[in-house]
Each structure stands twice: as C-alpha cells, then as structure tokens.
Amino acid sequence: MTTTDTPKVILVTGASSGIGEATAVRLAAEGHDVVLGARRTDRLDAVVGKIRADGGRAAAVRLDVTDADAVRTAVDDVVAEHGRIDVIVNNAGVMPLSRLDALLLDEWDRMIDVNVRGLLHGIAAVLPHFRRQGGGHVVTVASVGAHEVYPTSAVYSATKFAAWAITEGLRLESDPGIRATTITPGTVESELADHITDAGAAEYMTTFRRNLIPADAVARAVSFALAQPAEVDVNEIIVRPSAQR
C-alpha cells in the first residue's frame with residue numbers, strides 16, 4: 001500500500017462497481033480513509049473486505065443519492081466518526097440511453113434524479129461541513145457527454161452538462177478553500193451500458209464502446225486532483241481512450 005502524508009476522509013458514491021469501486025480502492029491504497037456508498041450493500045461489503053485485506057481503511061454505507069435525507073445523514077455520520085469530511089466524490093450515475101422518440105419518460109426521470117439531483121444532494125450535505133472546516137473538495141464524475149451529444153444521448157448528455165455546470169458554479173461561488181473538480185470520462189469499462197433497455201441504443205453502444213479504458217484510469221485522475229497542494233484547484237480532467245474520436 002502506498003501511503004500519503006496527508007490522509008483525507010473521503011466519501012465515494014456509486015462505489016459498488018466501476019469507477020466508484022476503482023476510485024475507492026485506489027484512494028484507500030494511498031492511505032486515505034474511504035467511506036463507500038451505494039445501494040448494493042453486498043457489493044460494498046466485498047469491496048470493503050478487499051480494501052481491508054490489503055491494509056486500507058474503509059467502511060460501507062447503504063446510500064441512495066436520490067434521497068436527500070439519506071445523503072445528509074451519511075455525511076453527518078462520516079463527520080461524527082472521523083471528526084471531518086475532506087472530500088466527496090459524486091460518482092453515482094445511470095445511463096439508460098434512448099432516442100427521444102422512444103418516449104421512455106421513467107428512464108429520463110431516473111437519469112435526472114440520480115445524475116443531477118443526486119449530485120446536488122451530495123453538495124448540499126457537505127457544504128456546511130466544508131464551510132465550518134474552512135475547506136473541502138467536491139469531485140464530480142461527469143462524462144464526455146457533457147461536451148457532445150450523439151444519437152440516443154440527449155437526456156444523458158443534458159444531465160452530464162448539468163453536472164459540469166453545477167460543479168463550475170460551485171467553484172465560482174465558493175471560497176478558495178473549497179475546491180471543485182469535474183472528472184470527465186470517455187468510454188470506460190463499467191456496468192452503465194448494461195442497463196440500456198432501448199434496443200436501438202444498445203446496438204449503437206456496442207459500436208461506440210469498442211474502445212474502452214479501465215476504471216482505474218479515471219481513479220488515477222481523481223487521485224491526481226486530490227493530491228494537489230491547497231493553492232492548486234484542478235477544475236476538469238477529460239480521460240478517454242486514445243482511439244475515441
């Protein structure tokens with residue numbers, strides 16, 4: 001395990017798989033105290049067990065980011081346990097892509113609830129603690145969909161642009177002690193595409209996702225942003241396969 005001289009207390013949402021899991025594993029290996037939040041507690045417990053077996057410090061909390069009270073309670077509990085919270089990695093997200101004329105309203109609403117409201121719930125939960133502490137770091141995991149729209153991605157891209165805009169707004173409105181970073185992945189090995197129900201979108205994704213990078217590539221970007229000295233604010237990192245165009 002690689003340790004850091006300044007361990008941080010970090011909450012990672014959507015940590016049961018993919019980017020969230022890879023980020024939690026990497027940050028714990030670097031010596032940070034990591035709390036993993038997600039709905040699938042069996043998966044969380046397995047990841048926490050792996051981290052602890054490797055000498056890291058980690059805990060799990062069942063967390064649905066669409067529930068504002070649950071997010072606030074989770075953050076407050078982290079502070080009660082550790083005395084502070086230094087970072088929230090707002091990673092929880094869903095991607096049930098579809099064309100607009102598919103009219104999958106429930107899936108669109110779910111994307112808005114998780115990808116936008118879930119992010120806002122995380123920010124609202126940590127900001128009072130960050131202000132009291134005089135500092136903190138909000139990391140948002142967005143998508144290259146924040147910068148481009150492709151067939152079937154209209155709603156998803158809208159939610160990820162919103163995530164970018166909210167995080168940039170936080171940066172502008174906050175004191176310098178509160179840093180804000182948007183991590184913007186391209187196509188990454190994850191479960192996101194497995195939940196697409198629209199047949200046309202699923203077929204399109206098969207071609208679109210021919211080139212993938214491992215989730216740890218994104219985790220390394222998160223680690224880089226967190227490792228900067230207090231006077232350095234890394235605002236956005238785009239990480240995608242070199243073959244992705």
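Guide: Let us start with a definition: the expected span of a helix is 1.5 Å times one less than its number of residues, and helices (H or I, at least four residues) and strands (E, at least two) are DSSP runs numbered from the N terminus. This is a predicted model, in which local features need pLDDT of at least 70 and side-chain atom pairs count only at pLDDT 80 or more, while totals for chains, interfaces and linings use all residues. Residues are numbered from 1 along each chain as its sequence is written, and side-chain values use heavy atoms, with hydrogens and water left out.

Visitor: How do you know that the span of H5 agrees with what its 20 residues should give?

Guide: At 1.5 Å a residue the 20 residues of H5 should span 28 Å, and because its end C-alpha atoms are 28 Å apart, the two values agree. For H1, with 12 residues, the reach from first to last C-alpha is 17 Å, close to the expected 16 Å.

Visitor: What makes H4 and H5 roughly parallel or antiparallel to each other?

Guide: Two packed helices are described by the angle between their axes and the distance between the axes. Axes here are lines fitted to C-alpha atoms, for helices over the stretch in contact, and angles run from 0 to 180 degrees between N-to-C directions. The axes of H4 (residues 105–133) and H5 (residues 154–173) come within 8 Å and cross at roughly 15°. Angles under 35 degrees count as roughly parallel, over 145 as roughly antiparallel, 65 to 115 as roughly perpendicular and the rest as oblique, and H4 and H5 are therefore roughly parallel. Contact means heavy atoms within 4.5 Å, and the residues that make it include Trp-108, Met-111 and Leu-119 of H4 and Tyr-156, Lys-160 and Ile-166 of H5. By class, this contact divides into 14 nonpolar, 3 polar and 1 charged, where Ala, Val, Leu, Ile, Met, Phe, Trp, Tyr, Cys and Pro count as nonpolar, Asp, Glu, Lys and Arg as charged, and the others, Gly among them, as polar.

Visitor: Why is H1 called oblique to H7?

Guide: The axes of H1 (residues 18–29) and H7 (residues 215–227) come within 8 Å and cross at roughly 50°, which makes H1 oblique to H7. The crossing of H1 and H7 is right-handed, and its contact includes Ile-19, Thr-23 and Arg-26 of H1 with Asp-216, Val-222 and Leu-226 of H7. That contact has 8 nonpolar, 3 polar and 3 charged residues.

Visitor: What makes H1 roughly parallel or perpendicular to H2?

Guide: H1 and H2 (residues 41–53) pack at an angle of about 25°, with their axes 10 Å apart, and that makes H1 roughly parallel to H2. Their contact is made by Glu-21, Ala-24, Val-25 and Ala-28 of H1 and Arg-43, Val-47 and Ile-51 of H2, which divide into 5 nonpolar, no polar and 2 charged.

Visitor: How do you know whether Val-35 counts as buried or exposed?

Guide: Buried means under 20% relative accessible area, exposed over 50% and partly exposed in between (1.4 Å probe, protein chains only), so Val-35, at 8%, counts as buried. Val-35 lies in strand S2 (residues 33–38), and beyond its neighbours within four places in sequence its contacts include Ile-10, Val-61 and His-82. His-121, in helix H4, also counts as buried, at 17% relative accessibility, and its contacts beyond four places are Val-65, Thr-66, Asp-67, Ala-68 and Val-71.

How values were computed: A crossing is left-handed if the near helix is turned anticlockwise from the far one by less than a right angle, and right-handed if clockwise.
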